[in-house]
Amino acid sequence: MPSPSLRLAVVGAGAAGLAAARELRREGHAPVVFERAAAVGGTWLYAAPASAATTDPLGAAATHSSLYASLRTNLPREVMGFLDFPFTAASSAVDTRRFPGHQEVLRYLEDFARRFDLYGLVRFETEVVGVRREAGGRWAVTSRKLGEKGEQDEEVYDAVVVCNGHYTEPRIASIPGADAWPGKQMHSHNYRVPEPFLDEVVIVIGASASAFDISRDIASVAKEVHIADRSAPASTCEQQPGYDNMWLHSMIDRAQEDGSVIFQDGNSIKADVIMHCTGYLYDFPFLGDDSTISVDDNCVDPLYKHIFPIEVAPDLSFIGLPWKVIPFPLFELQSKWVASILSGRIKLPSKDEMMEDVKAIYLRREIRGWPKRYTHNFSGGYQFEYDDWLAEQCGHPPIEEWRKLMYAANSKNKAARPESYRDEWDDDHLVAQANEDFKKYL
C-alpha cells in the first residue's frame, strides 16, 4: 500500500525543482520548495551586468545564474519542453523563434509554475544552509531568509530532494604561471555583454556551447579572440572561417609575467583577458557527511541511477545531475520516479544490488576511456535508454520517437552549420509530427 503523504523539502525552484514539486504533489506528498532567488527559473534567471559583477571575476563567490545577454537555446523548443506541457511558439509568445532567447525559456517556466499552481509551494529569498539527518531517519533542514541577519529556522522533513542545479560553482582551468600573469581572468559565469572587451585581445578557454557563443559575441568588438581548446591537436593554429580576428589554438601551455600567453602550438600573444568557459562543479554546501555522498572530480558518488545515495535512499535524492541531455523531460521522469518511490508504489532494489548498478556505470565509463568527471555525462544515446527505463518504471510512455529523431537531427545540423543551425534546419517533417502530438495537451 502507498504510504501516507510525506512532508518533503525541495532545494531550488529552477526547472528541476518545479518538476519535482509538481510530481511530488501529484503523488500526494506535501513539498516545500526553498529558493534563494526572488523568482522561479534557476539558471534561466538573467542577472544584469552590474549585478553579475563580483569582487572575484572568476566567480567563486557569485550566486547569480550564468546566462549571458545574447544566449539562445541550443535545442529546438519542441524538444525542450516538459512531456505534457509543450514549449510552443503560441500566440502569447514574445520570442517565437524555434531556438529562442533565454527570456522565452524563463517565461515558459513561469507559465509552467502558474499552470500547475506551484508558486504557493515556494519560499522565495530563502537559502538552505544546512541539511542534517536525525536519529529517526528524518532530516532537519536549516534555512535563512535573505536580508535577515542571523535569523535561521530549522524544520524537520521526511525526505529532501536536491534540485540546486550545477551551473553556479565555476570550474577554473589550471594554467602554469597564471598567478603572476598581469592580465584579467574571468569565468563565463560572470560574462554578460561584449562591450567591456572593446579593442582588447581575449583568450577564450573551452570548446563547449558557451565558449562557442561567447567567442563570437566578443569577436564583434574585440581586437582579437583566441580560442584555446584542449581537445585540439598541439599544432593547431587556425583562423576561424568568417572571422578576420578569431583563431583556434590548442590549449595554453603557460602564462608569463610580461603579459604573454604561450600556446602548445608555440604561438605567443599578449592578451588582456583570459575567459574561462570551462564549465562548473557540482556543489552541495548545505550537505554534511551524513548525506553519505562525496564529490570528486565532478563525480557524485555513490548514486543509484544518478539520483539516490545508496545508504540513505530514498530519503535523500538528486534531480538533474546528468548533462549532455534534454534537461526538462529528464527532470520530469526522474521526479516521477522519486515521487513514486517515496509513496511506496515502487520499491528500490537492495543496497547491494544498487551498488552493483553503480559499479556497472563506472565500468562503462572506464571502457570508454572517459575521465571521472564524465560520470554523469549522458552523451552517446544513453540519455534515451535512461529516460525510457524511468518511464517504464513509472508506467509512463517512452520518450516520443519524433523527439529522439529531432535531437539527433539537431546534433547533426549543429555540426554541419555551427554558425547558423539555430536559423536553418532540415527537419520540418519532425516539427509537424511534434505539433500534431502537442494537440492533445493544448
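The model is predicted, so local features need pLDDT of at least 70 and side-chain atom pairs count only at pLDDT 80 or more, while totals for chains, interfaces and linings use all residues. Residues are numbered from 1 along each chain as its sequence is written, and side-chain values use heavy atoms, with hydrogens and water left out.

Helices (H or I, at least four residues) and strands (E, at least two) are DSSP runs, numbered from the N terminus.

**Stop 1: strands 1 and 2**

Select residues 7–11 and 30–34. Strand 1 and strand 2 run parallel and are joined by five bridges. Two strands count as paired if DSSP finds at least two bridges between them. Pick out Arg 7: its bridge partner in strand 2 is Ala 30. Four of the five residues of strand 2 are buried. Buried means under 20% relative accessible area, exposed means over 50%, and partly exposed lies in between (1.4 Å probe, protein chains only).

**Stop 2: helices 1 and 4**

Now select residues 15–26 and 102–115. The axes of helix 1 and helix 4 come within 11 Å and cross at roughly 15°. Axes are lines fitted to C-alpha atoms, for helices over the stretch in contact, and angles run from 0 to 180 degrees between N-to-C directions. Helix 1 and helix 4 are therefore roughly parallel. Angles under 35 degrees count as roughly parallel, over 145 as roughly antiparallel, 65 to 115 as roughly perpendicular and the rest as oblique.

Which residues make the contact? On helix 1 they are Ala 15, Leu 18, Ala 19 and Arg 22; on helix 4, Leu 109, Phe 112 and Ala 113. Contact means heavy atoms within 4.5 Å. These residues divide into six nonpolar, no polar and one charged. Here Ala, Val, Leu, Ile, Met, Phe, Trp, Tyr, Cys and Pro count as nonpolar, Asp, Glu, Lys and Arg as charged, and the others, Gly among them, as polar.

**Stop 3**

Step on to Phe 116, in the loop between helix 4 and strand 3 (122–123). Is Phe 116 buried or exposed? Phe 116 counts as buried, at 13% relative accessibility. Leaving aside neighbours within four places in sequence, Phe 116 is in contact with Arg 22, Arg 25, Arg 26 and Phe 85. The C-alpha atoms of Phe 116 and Ala 19 are 9.9 Å apart, though 97 residues separate them along the chain.

Asp 117 lies in this loop between helix 4 and strand 3. Asp 117 is exposed, with a relative accessible area of 54%. Asp 117 is not a glycine, yet has a positive phi of about 55°. Most residues other than glycine have a negative phi, and most peptide bonds are trans.

**Stop 4**

Zoom in on strand 11 (residues 224–228) and strand 13 (residues 246–249), which pair in the parallel sense over four bridges. Ala 228 stands opposite His 249 in strand 13. Strand 12 (residues 237–239) runs antiparallel to strand 13, with three bridges. Glu 238 has Leu 248 as its bridge partner in strand 13. Six residues lie between strand 12 and strand 13 in their hairpin, and Gly 242 in the turn has a positive phi of about 85°.

**Stop 5**

Where are the cis bonds? One joins Asp 301 and Pro 302, with omega about -10°. Another runs from Ala 313 to Pro 314, with omega near 5°. Lys 305 has a positive phi of about 55° and counts as buried at 12% relative accessibility.

**Stop 3: helices 9 and 10**

Finish with residues 401–416 and 428–438. Helix 9 and helix 10 pack at about 145°, their axes 10 Å apart. The contact residues divide into eight nonpolar, one polar and one charged.
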